[in-house]
Amino acid sequence: MTDKTPSRRERILHALAEMLEQAPDARITTAALARSVGVTEAALYRHFPSKKKMFEGLIDFVEEAVFSRCQLILQDEEDAQARLRKQAQLVLVFAQRNPGLCRVLTGDALVGEDKALRQRVSHVFERLETQARQVIKEGEIRQGLRPRTSSSRTAEWYMSLIEGRIQRFTRSSFQHAPDAHFDEFWSSLALGIWRTAE
C-alpha cells in the first residue's frame with residue numbers, strides 16, 4: 001500500500017470490498033455504496049458507469065495483485081515444488097486478507113449480476129491452473145520430478161483444493177481461514193502431486 005491518498009475510484013472499490021465482507025448476506029446497492037463512500041450515486045457513476053464495471057474493477061485488482069506476485073515467485077524460484085508451494089500460499093493468504101473479494105471469487109456476490117463477471121472470475125482460476133500446469137511440466141523436464149498423473153490432471157486437482165479452501169472460508173462467513181495450518185495442508189497436497197523416488 002502506498003502513502004498517497006487513494007483516488008475516489010480506489011475509495012469506491014475499497015468500500016465495495018468492505019461491504020461485501022461486512023454484510024455477506026446482503027445484496028449491495030449503489031445507494032448504500034454511495035452512502036458508504038460519502039458521495040452521491042451520480043458521483044459513483046462518473047467513475048463506474050455500472051455496477052458491473054465496479055465488480056470488474058475488483059476482479060482487475062485481484063488479477064494484478066495475484067499475478068504480479070506469481071511472476072515474482074517464478075523469477076525468484078527455480079524449484080518446481082517450491083514454486084507450487086509459494087503460489088498456493090500466496091493465493092490462500094491473499095484470500096485471508098481480502099474476505100470481501102472472496103465473495104467475488106466464489107461467485108457468491110455475483111448472483112443476479114451480469115454472467116460475464118462469472119466468466120471473468122473463471123478466467124482468473126484458469127490462469128492459475130495453467131500456470132500450475134506449466135510449473136509441473138517444467139519440474140518433469142528440468143528436475144526429473146514425477147507427478148502422480150498427467151500435468152493437466154495434477155494442476156486441476158491442485159487448484160480444486162485451493163478453490164475449496166476459499167469456498168469454505170466464504171461459506172463459513174470468514175470463520176475458517178483459508179491459510180490456516182498451511183504447512184500441514186501443503187504436506188498432504190505435495191504427497192498427492194509428486195511420486196516419491198523409488
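The second largest cavity in this predicted model has a volume of about 40 Å³, where a cavity is a set of points, on a 1 Å grid over the protein atoms alone, where a 1.4 Å probe fits but cannot get out. The volume is the space filled by probe spheres set on the points, which are joined across faces, edges and corners. Helix 5, helix 7 and helix 8 (151–171) each give two or more residues to the lining of this second largest cavity. Helices here are DSSP runs (H or I, at least four residues), numbered from the N terminus.

Which residues line the second largest cavity? They are Q87, A88, V91, L128, A132, Y158, M159 and I162, each with an atom within 4 Å of a point. Seven of these lining residues are nonpolar, one is polar and none is charged. In this scheme Ala, Val, Leu, Ile, Met, Phe, Trp, Tyr, Cys and Pro are nonpolar, Asp, Glu, Lys and Arg are charged, and the others, Gly among them, are polar.

Now let us turn to the largest cavity. Its volume is about 60 Å³, and the count comes to three cavities of 30 Å³ or more. V62, V66, V91, F94, L105, V124, F125, L128 and I166 line the largest cavity. By class, that lining has nine nonpolar residues, with no polar and no charged ones. Helix 4 (51–76), helix 5 (80–97) and helix 7 (115–143) each supply at least two of the lining residues, and helix 7 gives the most, with three.

Helix 5 also has a partner to look at. Two packed helices are described by the angle between their axes and the distance between the axes. The axes of helix 5 and helix 9 (residues 182–193) come within 11 Å and cross at roughly 135°. Axes are lines fitted to C-alpha atoms over the stretch in contact, and angles run from 0 to 180 degrees between N-to-C directions. Helix 5 and helix 9 are therefore oblique to each other, as angles under 35 degrees count as roughly parallel, over 145 as roughly antiparallel, 65 to 115 as roughly perpendicular and the rest as oblique.

Finally, the UniProt record (an unreviewed entry) places "domain: HTH tetR-type" at residues 6–66; such annotations may be inferred rather than shown by experiment. Over residues 6–66 the chain is 75% helix and 0% strand, strands being DSSP runs of E of at least two residues.

Residues are numbered from 1 along each chain as its sequence is written. Local features need pLDDT of at least 70, side-chain atom pairs count only at pLDDT 80 or more, and totals for chains, interfaces and linings use all residues, while side-chain values use heavy atoms, leaving out hydrogens and water.

How values were computed:
1 Å grid on protein atoms, 1.4 Å probe; cavity = no way out; pocket = protein on both sides within 12 Å on 5 of 7 lines; lining within 4 Å.
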